[in-house]
Amino acid sequence: MIINTARFVVSNTDVNKCPQDQRHEYAFIGRSNVGKSSLINMLTGKKNLAMTSSTPGKTMLINHFLIDDSWYIVDLPGYGYARRSKEDRLRLEKIIKNYILNRKQMTNLFLLIDSRHAPQKIDLDFMDFLGENGVPFSLVFTKMDKQSAAAGAHQVAAYLEALLERWEELPPVFKTSSSDGRGKKEILDYIEELNKLPLE
Ligand code: GDP
């Protein structure tokens, strides 16, 4: 699948104020700086659609982007940002969990992981939460261009092996780079397949 048009629709903190039309939507989430904005911009082919970390005043909002007038990409706030106050972190957690647990249109959640990092507690805990609540999700390893092919393959394999110590099954896995476009086709083709399923 190729994306032709992508436009920002709305930002808010309340799942009840998200678009009310019945379209498939795909949410992207990960720790701050994982490469989420860059990935959304890469997938859509729009340089500045999602705001990157360097954008001043980057907020704690749920952002909806309408793709080809038929489905949504949702940019969820990044979590695990150490410089946020405890109060902000709790507020953020509430916004994210409310959205994930209540948004019926959310067909899949893409959880982004920096491919250079070993499993982090905050991500593992988040996966536990997704599993316990039956939330459909996939893993997206980002920044694959930042290491050699061999090192990247080794790193991802070690990560998945660690996951198998906790879980019996692995979710779908995508290896990506916003710099060289790796993984774009795979993610968009996956979304294209899911778009064919009826919304429950
Ligand atoms: P976000 O906070 O998760 O939205 O992360 P950003 O998309 O703003 O990216 C954080 C930093 O990582 C920026 O400096 C990006 O240029 C860089 N970055 C993001 N994705 C990639 C990638 O695939 N390859 C490389 N080399 N750098 C990346």
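**Exercise 1. How many bridges join β5 to β6, and in which sense do the strands run?**

*Solution.* The structure is a predicted model, in which local features need pLDDT of at least 70, side-chain atom pairs count only at pLDDT 80 or more, and totals for chains, interfaces and linings use all residues. Residues are numbered from 1 along each chain as its sequence is written, and side-chain values use heavy atoms, with hydrogens and water left out.

Step 1. Helices (H or I, at least four residues) and strands (E, at least two) are DSSP runs, numbered from the N terminus. Two strands pair if DSSP finds at least two bridges between them.

Step 2. β5 and β6 run parallel and are joined by 6 bridges. For Ile113, the bridge partner in β6 is Phe141.

**Exercise 2. Determine the order of the strands in the sheet and state which strands stand at the edges.**

*Solution.* Step 1. The open sheet is formed by 7 strands in the order β1-β3-β4-β2-β5-β6-β7, with mixed pairing.

Step 1. β1 (6-12) and β7 (173-175) stand at the edges; each has a single partner strand, so one side of each is left without a neighbour in the sheet.

Step 2. From one strand to the next, the twist averages 25°. Helix α5 (residues 184-195) packs on this sheet and touches β2, β4, β5, β6 and β7. The direction of α5 makes about 160° with that of β5, where axes are lines fitted to C-alpha atoms, for helices over the stretch in contact, and angles run from 0 to 180 degrees between N-to-C directions.

**Exercise 3. Which residues of α2 are buried, and how are they placed around the helix axis?**

*Solution.* Step 1. Helix α2 (residues 86-102) has 17 residues and reaches 24 Å from its first C-alpha to its last, close to the 24 Å expected at 1.5 Å a residue. The expected span is 1.5 Å times one less than the number of residues.

Step 1. The buried residues of α2 are Leu92, Ile95, Ile96, Tyr99 and Ile100. Seen down the axis of α2, they fall within an arc of 120°, so they line one face of the helix. The arc is that of the directions from the helix axis to the C-beta atoms.

Step 2. An α-helix has 3.6 residues a turn, so residues three or four places apart point the same way.

Step 3. On the other side of α2, Lys86, Glu87, Leu90 and Lys94 are exposed. The cover over the buried residues of α2 includes β2 (25-30), β3 (62-67), β4 (71-75), β5 (106-114) and α3 (121-132).

**Exercise 4. Identify the residues that touch the most other members of the largest nonpolar core.**

*Solution.* Step 1. A nonpolar core is a set of buried Ala, Val, Leu, Ile, Met, Phe, Trp, Tyr and Cys residues joined through side-chain atoms within 4.5 Å.

Step 1. The largest such core has 34 residues, of which Tyr99, Ile100, Leu109 and Phe126 touch the most other members. The elements giving two or more residues to this core are β2, β3, β4, α2, β5, α3, β6 (137-142) and α4.

Step 2. Another core, of 23 residues, lies apart from it, with Leu43, Phe65, Ile67 and Leu188 among them.

**Exercise 5. Is Arg166 buried, partly exposed or exposed?**

*Solution.* Step 1. Arg166 lies in helix α4 (residues 149-166). Arg166 counts as partly exposed because its relative accessibility is 42%.

Step 1. Leaving aside neighbours within four places in sequence, Arg166 is in contact with Leu124, Asp125 and Asp128.

Terms used. Buried means under 20% relative accessible area, exposed over 50%, partly exposed in between (1.4 Å probe, protein chains only). Contact means heavy atoms within 4.5 Å.
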